[in-house]
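Please keep the sequence and the 3D view at hand while reading.

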Amino acid sequence: MQKEVMFAGFGGQGILLSAKLLAYAAMKQGSQVMWIPSYGPEMRGGTAYCTVVVSDRLIGSPIIKNPAHLVAMNRPSLEKFAQVVKPNGVVMINSSLIPVRTNRDDVQELIVPANEIAVSLGSVKCANIVAVSAFAAKSGMVDVDILRECIKSEFASKAKLIPLNMKAFDEGLKIAAAS
Amino acid sequence: MAKVLMKGNEAIGEAAIRAGCLNYFAYPITPQSEVAEYLSKRLPEVNGVFVQGESEVAVGYMIFGAAACGERVMTTSSSPGVSLMSEAISYIAGARCPAVFVNIVRGGPGLGGILPSQGDYFQATKGGGHGDYHMLVMAPDGVQEAVEMTMKAFPLAEKYRGPVMILGDGLIGQMMEPVEFPDDLYVEPTNKDDWATNGMERRGSSTKNIVKSLYLDPATLNNHNLLLKSQYEQMKREEVRFESYNTDTDYELLIVSYGTMSRVCKTAIDNLKAEGLEIGMVRPQTLFPFPEKAIHDAAAKESCKHVVSIEMSMGQMVEDVERSVKGKKEVTWFGQCGGEVPTPEAVMEHIQTLLNQNQ
């Protein structure tokens, strides 16, 4: 069984990091995993997107036309990618920055005001952690307890950021549970 | 050791250190700059040498210098940078010095683009620089294989006393996959005292070692060329590596594909198999020496109607595939350039078209 998720937003939102955390968690739980960034002549504020593939067997193509799920952190990302998500996928919408929806009835929308939650916790920078935790809980793509440990180890060298990110993580789980 | 999640570029850098390479010279270029970034941090930790050259031309000769001294040495670059180094690569081949070159290929010609490509197949396998030489060229299909090939490249360069190239592409450099660094791939460096310019007192010999590629006497140069040729023939006997995929079936069509492109093809083959269609693939892991016999034999299978070389280039490897198949089956090319990697869906559609034509 192979599942793919595309993380998309603008440069600086921590898109690549949240995708990497998900990939880490998948690796720790023993899955095959691939993290494929879009790399292009882009800069801060430009578009950033990244695909994570998780599978129980060797992964073939790194080119994914139709991912199973989408985490959209800004409006252009949702508009660009909402239509390519496979039916029954989870589409996480960062409602703080995205006033529109997918206009699809065959996907599960997960509405997360990630920026507002992050600001209320103390820093907008942890919006990506809110998003990845809400997405992981809703989609079941990785074990959320393993993901939590991966976030802690990612921030091990900046330990003072761990409590903030753990709060962000818990808020993401709550949103997913309530959806 | 446990698996770690690493970018291809970083993993290649770490693999070089694990292979005992403590000399790395490079000039930054997308999409391989992370190798230099990684090694600029890591090499000082292991008492290695990192130098950012003023250009790829200079880097090529830094590699030549270190290799001539008998040191394990590597550089990494991407297509335009490798063109600039090609003069030095020819000199290194002519002077018979072991060195490892990594090309994380981007689109061309000229500055081209920065996205993945396989457009440097000709440059890597047929020369690039001038004169009668070859590099041993290995093409990984992912991060783990990039690690293993990088570690194997150093002993192979020493075995043949010549340049070895790892031919990746932008995706292999940029993507992350779990990797392990197998300790058993480390091979002690060969004794280079009989040829390297490693200093009188270390040599303990009264004869002077000279590293050069200039042979003005025609008979001497001819003999030198014959020696190089005999080494390339030995590579063809001993170093051919390939992977066969789904070839134990009665496949109707044979794909030849390498690197990132071969992984796309594997997905296409799996999807078609689920639809009841059998497609085989030979994936060259060495591009020079080329797995001629494996491709010839796979194409000769009765059930196989057609051979297609699928590449992220406008048709380069297809010439070697044609040469291998020797006219036994029709050979065609399929591919895409500019950084647009063909999707599994595009490959499947093309295969269906080919099979419909062959009905």
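Predicted model: local features only at pLDDT ≥ 70, side-chain atom pairs only at ≥ 80, totals over all residues.

Is A:Asn88 buried or exposed? A:Asn88 is exposed, because 10 other C-beta atoms lie within 10 Å and a residue counts as exposed with 12 or fewer.

**Chain B as a whole**

- The secondary structure of chain B consists of 13 helices and 14 strands.
- Chain B has a radius of gyration of 21 Å, which agrees with the value near 21 Å that a compact globule of 359 residues would have.
- Along the principal axes, the C-alpha atoms of chain B fill a box of roughly 70 × 50 × 40 Å.
- Of the 359 residues in chain B, 53% are buried.
- When contacts in chain B between residues at least 6 apart in sequence are considered, 81% join residues at least 24 apart.

**Contact between chain A and chain B**

- The contact involves 16 residues of chain A and 20 residues of chain B.
- On the side of chain A that touches chain B, helix H1 (15–28) and strand S2 (32–37) of chain A each supply at least two residues.
- S2(A) gives the most to this side of chain A, with 5 residues.
- The residues on this side of chain A comprise 12 nonpolar, 2 polar and 2 charged.

**Cis peptide bonds in chain B**

- B:Thr30 and B:Pro31 are joined by a cis peptide bond, with omega about 10°.
- B:Pro31 lies in the loop between strand S2 (23–26) and helix H2 (33–45) of chain B.
- A cis peptide bond also runs from B:Phe288 to B:Pro289, with omega near -5°.
- The loop that holds B:Pro289 lies between strand S12 (286–288) and helix H11 (292–300) of chain B.

- A:Asn88 is a residue other than glycine with a positive phi, near 75°.
- In chain A, the loop between helix H2 (75–81) and strand S5 (90–94) contains A:Asn88.
- B:Asn246 is likewise not a glycine and has a positive phi, near 60°.
- In chain B, B:Asn246 is placed in the loop between strand S9 (242–245) and strand S10 (253–256).
- B:Asn246 counts as partly exposed because it has 17 C-beta neighbours inside 10 Å.

Definitions and conventions: Residues numbered from 1 in each chain as written. Chains lettered and ligands numbered in written order. Helix = DSSP H or I, 4+ residues; strand = E, 2+ residues; numbered from the N terminus. Rg over C-alpha atoms; globule rule 2.2 N^0.38 Å. Buried ≥ 20, exposed ≤ 12 C-beta atoms within 10 Å, placed from the backbone. Contact = placed C-beta atoms within 7 Å. Nonpolar A, V, L, I, M, F, W, Y, C, P; charged D, E, K, R; others polar.
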